[in-house]
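Reader: I'm new to this one. Could you walk me through how to read it?

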Amino acid sequence: MSKSDFMDSQEKINDLLKERLNADEKFPKSIFKSIDFKGTPLFTFGDKNAKKVIVFIHGGAFINEINYQHHLFCLAISKKLDAYVIAPVYPLAPKHSCDETFDLMDDLYGSPISKMGKDQTISLMGDSAGGGFVLSFCQHLKAIDLPQPNNIVVYSPWVDIALSNPPYDNDSDPLLGEIGLREIGKSWAGELDTHDYRVSSLFGDNTDLPRTLTFAGDNEIFYKDILKYHEKLKEDGVDARLIVGEGMFHIYPLFPSPEAWAAFKELKKEFE
């Protein structure tokens, strides 16, 4: 009941993308504070002078805005880690493709980097589609000659929007489906090939990436791709750690559960 019907129907995903393409764009409303960054809202949580700065890229299959669940998670992170969390409202498919979000993040990431004090750290974090983008963006940082963050944390990252390793287990995942994901992935890629590292980090170069912590549930559709990506991280010499939630689903650490609290303890270790 938690899975959107367009995830398993070609007709419905086509209709949804057509509807979104023709819909008016509106920035999401929230009770949480936001600031303007070159015309883009950034939700912020915690003290901006905190020693830890975290840029959080939200999930939603690149078609859904940041939601209340993401806001609460960012708030919890800011409090538990004593961090300043920045969550940008980035351009979404199908009206937009990945290029515009890369342009936004180039500027946004470069801005705190240039203003950071010697005792400050910056981390990149994201869930699902946002997690996949974070990994691609860190591969991209080498091309634009910006420093890597101190560390990366991703939850159920979408590392291969081409879904190039079928078959995928649609039945076990209560949130996602292969049919819908394939069409959304093409829309997000725009003119890029879906195997391009900028949309599918699985096919990128991880050399010199910072310490990376990944969470995944073994009942999610992305699980085997995440395992494959984790092995590539290790092969490329990255200090990588994978936490697997047994019997758990996509982005399980963002839901209130005992397993999520266990995941949060692992997250705190990463920032100690």
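Reader: Which residues is Ser-187 in contact with, leaving aside its neighbours within four places in sequence?

Author: Contact means heavy atoms within 4.5 Å. Here Ser-187 touches Ala-93, Pro-94, His-96 and Ser-97, with neighbours within four places in sequence left aside. Ser-187 belongs to helix H5 (residues 178-189); helices (H or I, at least four residues) and strands (E, at least two) are DSSP runs, numbered from the N terminus. This is a predicted model, where local features need pLDDT of at least 70, side-chain atom pairs count only at pLDDT 80 or more, and totals for chains, interfaces and linings use all residues. Residues are numbered from 1 along each chain as its sequence is written, and side-chain values use heavy atoms, with hydrogens and water left out.

Reader: Is Ser-187 buried or exposed?

Author: Buried means under 20% relative accessible area, exposed over 50%, partly exposed in between (1.4 Å probe, protein chains only). Ser-187 has 19% relative accessibility, so it counts as buried.

Reader: How many aromatic pairs are there?

Author: Rings of Phe, Tyr and Trp (its six-membered ring) pair if their centres lie within 6.5 Å; planes under 30 degrees apart count as stacked, over 60 as edge-to-face and the rest as tilted. That rule gives 16 aromatic pairs. Take Phe-133 and Phe-137, a stacked pair with 6.0 Å centre to centre and 15 degrees between the planes. They are 4 residues apart in helix H4 (residues 129-141), so about one helical turn separates them. Both Phe-133 and Phe-137 are buried.

Reader: Which residues do ring pairs link into a cluster?

Author: That cluster joins Phe-56, Phe-73, Tyr-155, Phe-215, Trp-261 and Phe-264.
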